[in-house]
Amino acid sequence: MINPLKISEMLSQANQMQEEVQRKLGQTVWREPAVAGAVTATHERQEAAPQKLRIDPSAVVGLAAGSPT
């Protein structure tokens with residue numbers, strides 16, 4: 001059972017944990033492969049839009065040559 005006298009201490013610990021998670025999330029970089037790995041979007045921190053977008057050149061070779069794919 002929860003001790004009512006420790007609720008303040010528990011809330012303080014929960015706030016510290018939340019701050020730590022926010023800090024770590026702010027340092028996180030993740031990548032999202034799409035289109036069978038031909039396109040990769042790289043996100044840094046908590047940004048919604050990708051900071052980097054990589055398109056595998058082999059995925060657009062046919063387009064550059066004007067041939068249908």
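Thr40 is buried, at a relative accessible area of 18%; buried means under 20%, exposed over 50%, and partly exposed in between, with a 1.4 Å probe and protein chains only. The model is predicted, so local features need pLDDT of at least 70, side-chain atom pairs count only at pLDDT 80 or more, and totals for chains, interfaces and linings use all residues. Residues are numbered from 1 along each chain as its sequence is written, and side-chain values use heavy atoms, with hydrogens and water left out.

**Overall layout**

- The protein chain holds two helices and three strands. Helices (H or I, at least four residues) and strands (E, at least two) are DSSP runs, numbered from the N terminus.
- Along the sequence, the pattern reads α-β-β-β-α.
- The protein chain has 69 residues, and 10% of them count as buried.
- Its accessible surface comes to about 5,900 Å², and carbon and sulfur atoms account for 59% of that. Accessible areas come from the Shrake-Rupley method with a 1.4 Å probe; for residues, only the protein chains shown count as cover.
- Take the contacts between residues at least 6 apart in sequence: 2% of these join residues at least 24 apart. Contact means heavy atoms within 4.5 Å.

**Confidence**

- The protein chain has a mean pLDDT of 76, and 78% of its residues reach 70 or more. This score is the predictor's confidence in each residue, from 0 to 100.
- Confidence is highest in α1, at a mean of 87. It is lowest in helix α2 (residues 61-65), at a mean of 61.

- β2 is mostly covered, with five of its six residues buried.
- Thr40 is found in this strand, which spans residues 39-44.
- Beyond its neighbours within four places in sequence, Thr40 is in contact with Arg31, Glu32, Pro33, Lys52, Leu53 and Arg54.
- β2 and strand β3 (residues 52-55) run antiparallel and are joined by four bridges. Two strands pair if DSSP finds at least two bridges between them.
- Val39 stands opposite Ile55 in β3.

- Pro33 lies in strand β1. Pro33 counts as exposed, at 61% relative accessibility.
- Leaving aside neighbours within four places in sequence, Pro33 is in contact with Val39 and Thr40.
- Pro33 and Arg54 are 21 residues apart in sequence; C-alpha to C-alpha, they are 9.4 Å apart in space.
- Ala36 lies in the loop between β1 (29-34) and β2. This residue is exposed, at 89% relative accessibility.
- Ala36 and Ala59 are separated by 23 residues in sequence and by 9.9 Å in space, C-alpha to C-alpha.

**The loop between β2 and β3**

- Gln51 lies in this loop. Gln51 is partly exposed, at 38% relative accessibility.
- With neighbours within four places in sequence set aside, Gln51 is in contact with Thr42, His43 and Glu44.
- Gln51 and Val29 are 22 residues apart in sequence, and their C-alpha atoms are 10.0 Å apart.

- A search of the whole structure finds one salt bridge. The term requires a side-chain nitrogen of Lys or Arg within 4 Å of a carboxyl oxygen of Asp or Glu.
- The partners are the side chains of Glu20 and Arg23, at 2.6 Å, N to O.
- Glu20 and Arg23 are three residues apart in helix α1, so about one helical turn separates them.
- Glu20 is partly exposed, at 31% relative accessibility. Arg23 is also partly exposed, at 42%.

**Nonpolar surface patch**

- Ile2, Ile7, Met10 and Leu11 form a nonpolar patch on the surface. Together they have about 380 Å² of accessible area.
- Patches are made of residues with over 30% relative accessible area and no salt bridge; like charges are joined within 9 Å, and nonpolar side chains (Val, Leu, Ile, Met, Phe, Trp, Tyr) within 5 Å.
- Ile2 lies in the segment before α1 (7-26). Ile2 is exposed, with a relative accessible area of 54%.
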